[in-house]
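Try each task before you read its solution.

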Amino acid sequence: MVQPFVNEPLTDFSVPEHRSAFEQALAEVGAQLGRTYPLYIGGREVVTEAKTPSINPSQKDQVVGYVSKADRALAEEAMQAALAAFETWKRKSFAERARYLLKAAAIMRRRKHEMSAWMCYEAGKTWAEADADTAEAIDFLEFYAREAIRLGEVHPLVRIPGEDNEQHYIPLGVGIIIPPWNFPLAILTGMTSSAVVAGNTVLLKPATPTPVIASKFLEVMRQAGIPAGVINFVPGSGAEIGDYLVDHPKTRFISFTGSKEVGIRIYERAAKVHPGQIWLKRVVAEMGGKDAIVVDRDADLEEAARQIVGSAFNFSGQKCSACSRAIIHQDVYDTVVERVVSLARSLRVGPATDGASQVGPVIDEAAYNKILEYIEIGKGEGRLLAGGGKAPGNGFYIQPTVFGDVDPHARIAQEEIFGPVVALIRAKDFEDAIRIANDTEFGLTGSVFSNDREHLEYARREFHVGNLYFNRKCTGALVGVHPFGGFNMSGTDSKAGGRDYLLLFTQAKAVSEKL
């Protein structure tokens, strides 16, 4: 019998033995930089002439690895491999499929520091952020394995005389998995493992900036013995293979995490029925946020300031749950702003591989330029209080940036920047703060700092986000504890790490027999 789910502990890097072990992992991974990684189609490794270099954002002249690129012919080959594998994989029991995930979790746990070290190099994640990413990946494997076992049990129905009735869940078919670069192991693992443990086969198209850690995930699944064709690894450009696979008549579902713009485009394309298609495609999408922390006048102001800074600047603000707006009651606005600015200025920006760095680089040059453009926009929309430009170093470093006195309808208060930029907004009272918080097209996460029970209950009812936190940061959702997913343009309301998530990758079949 499988033991109850428990979240994977985070590593305490203040312990000398843990620091030493992680430094050793960084050295071992550093010695492997620059290698070539193949596609994986139907159990066969494929090295292509066209390759994508993965760049270390902390040291932009360092190549982490070269990853083969799939073209349409190889994408079609992967689709056929997935279709063939589905015929046998779908017939395995939920419990049998779950054992592959439990094995993979054990392997990943043994390789924990190694996986985290790869993310320090490839994703620019600081030690703590990389460690949390790997822990979350392990959690997804463990949690979805248990959920699959539960889903495979007999589901009770209302009984009537003279009939034997049952309902069970069957997989959908072949799915396209399109994960993001910001949680390149955790979210990728969750998206892929949930689909396959439900009995589907998939084509995994990793994010362009982080294909090496995706290849390492595949390595873990292969070590766990996943059958050929169940997970097909097809890195490639969206223009070359992304649209092709979304449009494919044999694609049954698309699981996507990324920007609103790309998510909308996928949703639109998936709605079109192509010749030979005999179903309506299912889209599971998580598309970002413009998340707010609300600070009431009777809140613990020191704690609120610390959590605003942590939520805004951990991983350089590159989280869909990051605090990009702090909405502060006018009576305590100046006090909170002063502390936020002081804390932001104290943060150490530097290479992710350096254990002393608190804020690493942003992911690549495109993100770097976009964020700097938003900072320039912000200088015309608010009062620059901290940061405001590039940070030194041979990487994509940006200073933690704080703007004060921002209008709620300013661009930096409405558009997802996805970088280390936070807009501070003054509210006249608590209800005004919640109104401002809701005045956005997104609805992912939010946080309220208050010691007024009536205000907390008001927020519980009126703050329209999928993940609402009281007196804590708005980032750091734990699998099983905080099922994650939001409203409005934040996606399709799915709850990753929740007990209903696997239902998105199955369909219910009711069978009745007259006795």
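Relative accessible area, taken with a 1.4 Å probe over protein chains only, sorts residues into buried (under 20%), exposed (over 50%) and partly exposed (in between). The model is predicted, so local features need pLDDT of at least 70 and side-chain atom pairs count only at pLDDT 80 or more, while totals for chains, interfaces and linings use all residues. Residues are numbered from 1 along each chain as its sequence is written, and side-chain values use heavy atoms, with hydrogens and water left out.

**Exercise 1. Describe how helix H2 passes helix H8.**

Step 1. Helix H2 covers residues 72–89 and helix H8 covers residues 238–247; their axes come within 9 Å and cross at roughly 35 degrees. Axes are lines fitted to C-alpha atoms, for helices over the stretch in contact, and angles run from 0 to 180 degrees between N-to-C directions.

Step 2. The crossing of H2 and H8 is right-handed. A crossing has this hand if the near helix is turned clockwise from the far one by less than a right angle, and is left-handed if anticlockwise.

Step 3. H2 contributes Arg72, Ala75 and Glu76 to the contact, and H8 contributes Ala239, Glu240, Ile241, Tyr244 and Leu245.

Step 4. These residues of the H2 and H8 contact comprise 5 nonpolar, no polar and 3 charged. Nonpolar here covers Ala, Val, Leu, Ile, Met, Phe, Trp, Tyr, Cys and Pro; charged covers Asp, Glu, Lys and Arg; the others, Gly among them, are polar.

**Exercise 2. Which residues does serine 490 touch, and which does glutamate 286 touch?**

Step 1. Serine 490 lies in the loop between E20 and strand E21 (506–514), and glutamate 286 belongs to strand E11 (residues 282–286).

Step 2. Serine 490 counts as buried because its relative accessible area is 1%. Glutamate 286 also counts as buried, at 9% relative accessibility.

Step 3. Not counting residues up to four places away in sequence, serine 490 touches Ala285, Glu286, Met287, Gly288, Gly289, Phe442, Gly443 and Leu444.

Step 4. With the same exclusion, glutamate 286 touches Phe256, Thr257, Gly258, Cys320, Leu444, Phe484, Ser490 and Gly491.

Step 5. For glutamate 286 and threonine 257, 29 residues apart along the chain, the C-alpha separation is 4.7 Å.

**Exercise 3. Where is phenylalanine 315, and what is its phi?**

Step 1. Phenylalanine 315 is in the loop between helix H10 (301–313) and strand E13 (323–329).

Step 2. Its phi is near 55 degrees, a positive value in a residue other than glycine.

Step 3. Phenylalanine 315 is buried, because its relative accessibility is 2%.

Step 4. Glutamate 129, in helix H5 (residues 127–151), contacts Asn314, Phe315 and Lys319 when neighbours within four places in sequence are left aside. At 11% relative accessibility, glutamate 129 is buried.

**Exercise 4. How many cavities of 30 Å³ or more does the structure hold?**

Step 1. On a 1 Å grid over the protein atoms alone, a cavity is a set of points where a 1.4 Å probe fits but cannot get out; lining residues have an atom within 4 Å of a point. Grid points are joined across faces, edges and corners, and a volume is the space filled by probe spheres set on the points.

Step 2. A search of the whole structure gives 1 cavity of 30 Å³ or more. The largest cavity holds about 100 Å³ of space.

Step 3. Its lining has 15 residues, and Gly317, Lys319, Ala322, Ser324 and Phe418 lie nearest the centre.

Step 4. The lining of the largest cavity divides into 7 nonpolar, 4 polar and 4 charged residues.

Methods:
Helices (H or I, at least four residues) and strands (E, at least two) are DSSP runs, numbered from the N terminus. Contact means heavy atoms within 4.5 Å. On a 1 Å grid over the protein atoms alone, a cavity is a set of points where a 1.4 Å probe fits but cannot get out, and a pocket is an open set with protein on both sides within 12 Å along at least five of seven lines; lining residues have an atom within 4 Å of a point.
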